[in-house]
Amino acid sequence: MERILVSACLLGSRVRYDGGAKPMDDELMARWRAEGRVVAFCPETAGGLPVPRPPAEIVGGDGAAVLDGTARVRTAAGEDLTEQFLRGAGRALEVARESGVRVALLKESSPSCGSLRIHDGGFAGTRVSGHGVTTALLRRAGIQVFDEHRIREAAACLRGLEPPARGLP
Ligand code: SF4
């Protein structure tokens with residue numbers, strides 16, 4: 001059975017920077033959980049950051065640029081959290097590999113989990129195209145990452161990876 005890595009905050013864990021969660025009310029997610037497919041993970045807490053914590057944004061690029069060393073993750077006060085974000089991303093990849101995960105559903109717009117858009121590093125609420133640090137690392141490893149609004153695409157991807165049901169000869 002194909003498993004799926006899911007942002008812990010989408011499953012109701014209160015691990016976001018503001019101490020809250022963003023639980024999804026979705027029948028597919030409920031089914032996946034009942035089937036035991038879901039691997040919950042929060043890269044930022046796994047990277048050693050506390051709850052709550054100051055919001056952080058990628059400055060100078062997106063998650064891929066952070067992996068390449070040309071962008072940093074900072075708080076609005078300028079504290080550099082790049083190492084914690086890289087550690088969390090690395091741990092996410094380890095967990096994905098240990099669990100045999102090939103698909104992930106991660107929270108959009110997060111500097112770790114975003115897959116289509118992230119904040120631009122100006123701390124003014126502006127979003128730009130790009131993905132977060134964890135998404136960038138997972139994608140480089142061949143894992144397909146979707147945001148919570150594309151859960152049906154993630155489901156189609158999982159179905160495509162499942163071995164065909166064995167019929168009677
Ligand atoms: Fe949710 Fe990802 Fe942020 Fe953790 S790092 S709170 S899982 S969006």
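Which residue caps the N-terminal end of H1? The points below take up this question together with other features of the predicted model.

1. Overall organisation. The protein chain of this predicted model contains 6 helices and 8 strands. Read from the N terminus, its elements follow the order β-α-β-α-β-α-β-α-β-β-β-α-β-α. The radius of gyration is 16 Å, close to the 15 Å given by the globule rule for 169 residues, so the chain is as compact as a globular protein of that length. The C-alpha trace spans about 65 × 30 × 25 Å along its principal axes.

2. Burial and contacts across the chain. Of the 169 residues in the protein chain, 49% are buried. When contacts between residues at least 6 apart in sequence are considered, 65% of them join residues at least 24 apart.

3. The ends of helix H1. Asp-26 provides the N-terminal cap of H1, with a side-chain oxygen 2.7 Å from the backbone nitrogen of Leu-28. Just after H1, Gly-36 adopts a positive phi of about 80 degrees.

4. The two sides of helix H1. Within H1, which comprises residues 27-35, the buried residues include Leu-28, Met-29 and Trp-32. These residues lie on the same side of H1 because they cover an arc of only 95 degrees around the axis. Glu-27 and Ala-34, on the other side of H1, are exposed. The partners against which the buried residues of H1 pack are strand S1 (4-7), strand S2 (38-41), strand S5 (103-106) and helix H6 (151-161).

5. Leu-28 in detail. Leu-28 belongs to helix H1 and counts as buried because its relative accessibility is 9%, below the 20% cut-off. Apart from neighbours within four places in sequence, Leu-28 is in contact with Ile-151, Arg-152 and Ala-155. Although Leu-28 and Arg-152 are 124 residues apart in sequence, their C-alpha atoms are 8.1 Å apart in space.

6. Asp-62, a buried acidic side chain. Asp-62 is located in the loop between strand S3 (56-59) and helix H3 (63-68). This residue is buried yet has no salt bridge, and the nearest side chain of opposite charge, that of Arg-140, is 7.1 Å away. A salt bridge would require a side-chain nitrogen of Arg within 4 Å of a carboxyl oxygen of Asp. A polar atom of the Asp-62 side chain does, however, lie 3.1 Å from the backbone nitrogen of Ala-64. Residues up to four places away in sequence being left out, Asp-62 touches Ala-71, Ile-118, Gly-130 and His-131.

7. A cis peptide bond. The bond from Val-51 to Pro-52 is cis, and its omega is near -10 degrees. Pro-52 is situated in the loop between helix H2 (43-46) and S3.

8. Ser-109, in the loop between S5 and strand S6 (117-119), has a phi near 75 degrees, a positive value in a residue other than glycine. With a relative accessible area of 9%, Ser-109 is buried. Phe-123, in the loop between S6 and strand S7 (127-129), is likewise a residue other than glycine with a positive phi, here near 55 degrees. Phe-123 is partly exposed, since its relative accessible area is 29%, a value between the 20% and 50% limits.

Methods:
Residues are numbered from 1 along each chain as its sequence is written. This is a predicted model: local features need pLDDT of at least 70, side-chain atom pairs count only at pLDDT 80 or more; totals for chains, interfaces and linings use all residues. Side-chain values use heavy atoms; hydrogens and water are left out. Buried means under 20% relative accessible area, exposed over 50%, partly exposed in between (1.4 Å probe, protein chains only). Helices (H or I, at least four residues) and strands (E, at least two) are DSSP runs, numbered from the N terminus. The arc is that of the directions from the helix axis to the C-beta atoms. Contact means heavy atoms within 4.5 Å. A polar contact is a pair of N or O atoms within 3.5 Å; within protein, one must be able to donate a hydrogen and the other to accept it, and residues adjacent in sequence count only if both atoms are side-chain atoms. Lys and Arg count as positive and Asp and Glu as negative; His and the chain ends are not counted. The radius of gyration is taken over C-alpha atoms; the globule rule is 2.2 Å times the number of residues to the power 0.38.
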